[in-house]
Amino acid sequence: MSRLVVVSNRTTDPRKPAAGGLAVALGETLDRTGGMWFGWSGAIAPADAAPQAEAEIQHAGPMTLATVDLTQDEHDSYYLGYSNNVLWPVFHYRLDLANFDAGYLEGYRRVNKKFAALLKPLLRPDDIVWVHDYHLIPLAAELRALGCRQRIGFFLHIPFPPQLIMAAVPRHDRLARTFFDYDVVGLQSEADSVHFSRYVQSELGADAIDGQADTYRLGERTLLAKAFPIGIDVDEFAALTHGKEAVETCATMRREYQERRLVIGVDRLDYSKGIPHRVRAFRELLKDYPEMRGSATLVQIASPTRETVDAYADIRQELESLCGAINGDYGDLAWMPVRYIHRTVARKRIPGVYRASRVGLVTPLRDGMNLVAKEYIAAQDPGDPGVLVLSRFAGASEQLKEALMVNPYDIIGTAEVLKRALEMPLEERRQRHQKLLQRIREQDVHWWRETFLDALASREPAG
Ligand code: GDG
């Protein structure tokens, strides 16, 4: 089997305890093939440092970690700027939050060029290269420009927006053409794949190839672009659920909230996750159904992320005042309706939090997949499971049909569904959970990795 080379903005040592399911799953193949993970080290190079001539190499068991530092200017324009102030909002349909500063695009291109230049000398002719996410869309084009002919695949972890949203990005076509330097582009959902298909045909003039599903031609290049919905490592997560920390967390929460019905939200504090909408729906529940007062309790864990981007500071403020107002209006000496935690909880404790709750509220306004929804299912006790309330705008909604589906913009409707979830009889909870568990087992992270890599391995190397 060819050696696998994974490229992503940040690298993770899959053996570290904090490594999540994705790192572990990729780590398995990296170990098996003696592979390499290449990306940013997370460090900013000192202002007076000489330009980096080669990547920093570390060995992690059979695999290699190769990392590159960024300068402050590269970090600001490539990472904070173009990636997180342009591509992230636009791909989540939020043109209103995008800042199309021309300097960002230049920095984004420069870092992709730098990654390519430092990666190329490390590549072997029969490597399979798998690039991850929106930070690195032009990477294959830069590698091809340097003469790389290896098979290169790309996976987009976030949504691909509708044609006319993508078309609003200045010079979008120049960026999007670089998708054709990959052999396979993986998207999260069928909805994304439809958007991609329409975009490349209408805006770039690509042709869908007759008789070959999801395959497009642009000039000399052909590309397979389809949905490969990412999953979780269900067994790893179940093991975590039975670990000491998770069991302890679950017991503590159950003790503390024994007279309450617990609703849980776990997200990065990101505007795509719909957290304020969700908190408003919870307020609506208390307003419309007085019998829920003194009982239903929302615990929202919102882990800090990208705090130097303005939109993130705004949402933090909005959320703090919203939670404070609800507690002021409805709380009493014995019961606080909303507990909002703006901190990162240790990964080993997260399954205990999921398991202690009656309802998991996963209501993003837009999400590529949303792994929290899948983790929530994996962490439940099959004999007495909690209910998943899921936004129809999460990629996961295409698979998790037995969840209670909501439109997170519809605050009253979400409150109604939340009430239904809190009152769902045991037998219905069990039946829904059993089907959901089966679904996340069938299409888990190993299935995802293997189907993507099989598709990539079966493409002809670039001529
Ligand atoms: C992107 C796409 C896509 C959350 N809070 C804490 C914590 N988490 C963990 C969860 C879960 C992960 O973070 C979040 O994953 P999501 O999939 O929900 O969302 P994004 O981070 O936005 O990821 C998304 C994903 O890529 C994969 O392709 O599904 O659509 O946006 O694992 O458990 N972990 C810890 N403490 C916390 O407080 N330790």
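This is a predicted model: local features need pLDDT of at least 70, side-chain atom pairs count only at pLDDT 80 or more; totals for chains, interfaces and linings use all residues.
One joins W130 and W448: the ring centres are 4.9 Å apart and the planes meet at 40°, so the pair is tilted. W130 belongs to strand β5 (residues 128–132) and W448 to helix α16 (residues 445–457), so this pair ties together parts that are 318 residues apart in sequence. Both tryptophans, W130 and W448, are buried.

- F160 and F179 make an edge-to-face pair, with 6.1 Å from centre to centre and 65° between the planes.
- This pair, too, links distant parts of the chain: F160 sits in the loop between β6 (151–155) and α5 (163–166), while F179 sits in the loop between α6 (172–177) and β7 (184–187), 19 residues apart.
- F160 has 0% relative accessibility, so it counts as buried.
- F179 has 2% relative accessibility and therefore counts as buried as well.
- F160 and F179 also belong to a cluster linked by ring pairs, together with F91, F154, Y182, F196, Y199 and Y216.

**Charges over rings**

- R10 lies over the face of W40, 5.3 Å from the ring centre.
- K226 is placed over the face of F228, at 5.2 Å from the centre of that ring.

**Around the ligand**

- There are 23 residues around the ligand, and the ones that come nearest are H157, V345, D367, L371 and E375.
- For H157, an N or O atom of the side chain is 2.6 Å from an oxygen atom of the ligand.
- V345 takes part through its backbone: one of its polar backbone atoms is 2.5 Å from a nitrogen atom of the ligand.

**G395 and its surroundings**

- Which residues does G395 touch, leaving out those up to four places away in sequence? They are S189, D367, G368 and M369.
- G395 itself is found in the loop between β15 (387–391) and β16 (404–406).
- With a relative accessibility of 8%, G395 falls under the 20% cut-off and so counts as buried.
- From G395 to I350 is 45 residues in sequence and 22 Å in space, C-alpha to C-alpha.

**Positive phi angles**

- Y93 has a phi near 70°, a positive value in a residue other than glycine.
- Y93 lies in the loop between α2 (72–91) and α3 (102–119).
- Is Y93 buried or partly exposed? Its relative accessibility is 22%, so Y93 counts as partly exposed.
- N370 likewise has a positive phi without being a glycine, with a value near 95°.
- The loop that holds N370 runs between β14 (359–362) and α13 (371–378).
- N370 counts as buried because its relative accessibility is 5%.

- H342 is placed in the loop between β13 (338–341) and α12 (350–356).
- At 17% relative accessibility, H342 is under the 20% cut-off and therefore counts as buried.
- Not counting residues up to four places away in sequence, H342 touches L269, A302, P304, E307 and R316.
- T241 is part of helix α8 (residues 234–241).
- T241 has a relative accessible area of 4%, so it is buried.
- Beyond its neighbours within four places in sequence, T241 is in contact with A246, V247, P351, R355, A378 and A379.

**Cysteines**

- How many disulfides does the structure hold? The count is 0.
- As a reminder, a disulfide is a covalent bond between the sulfur atoms of two cysteines.
- C250 has a relative accessible area of 7%, so it is buried.
- C323 counts as buried too, because its relative accessibility is 5%.

Conventions
Residues are numbered from 1 along each chain as its sequence is written. Side-chain values use heavy atoms; hydrogens and water are left out. Rings of Phe, Tyr and Trp (its six-membered ring) pair if their centres lie within 6.5 Å; planes under 30 degrees apart count as stacked, over 60 as edge-to-face and the rest as tilted. Helices (H or I, at least four residues) and strands (E, at least two) are DSSP runs, numbered from the N terminus. Buried means under 20% relative accessible area, exposed over 50%, partly exposed in between (1.4 Å probe, protein chains only). A charge sits over a ring if NZ of Lys or CZ of Arg is within 6 Å of the ring centre and within 35 degrees of the ring normal. Contact means heavy atoms within 4.5 Å. A disulfide is a pair of cysteine sulfur atoms within 2.5 Å. A residue is near a molecule or strand if one of its heavy atoms lies within 4 Å of it. A polar contact is a pair of N or O atoms within 3.5 Å; within protein, one must be able to donate a hydrogen and the other to accept it, and residues adjacent in sequence count only if both atoms are side-chain atoms.
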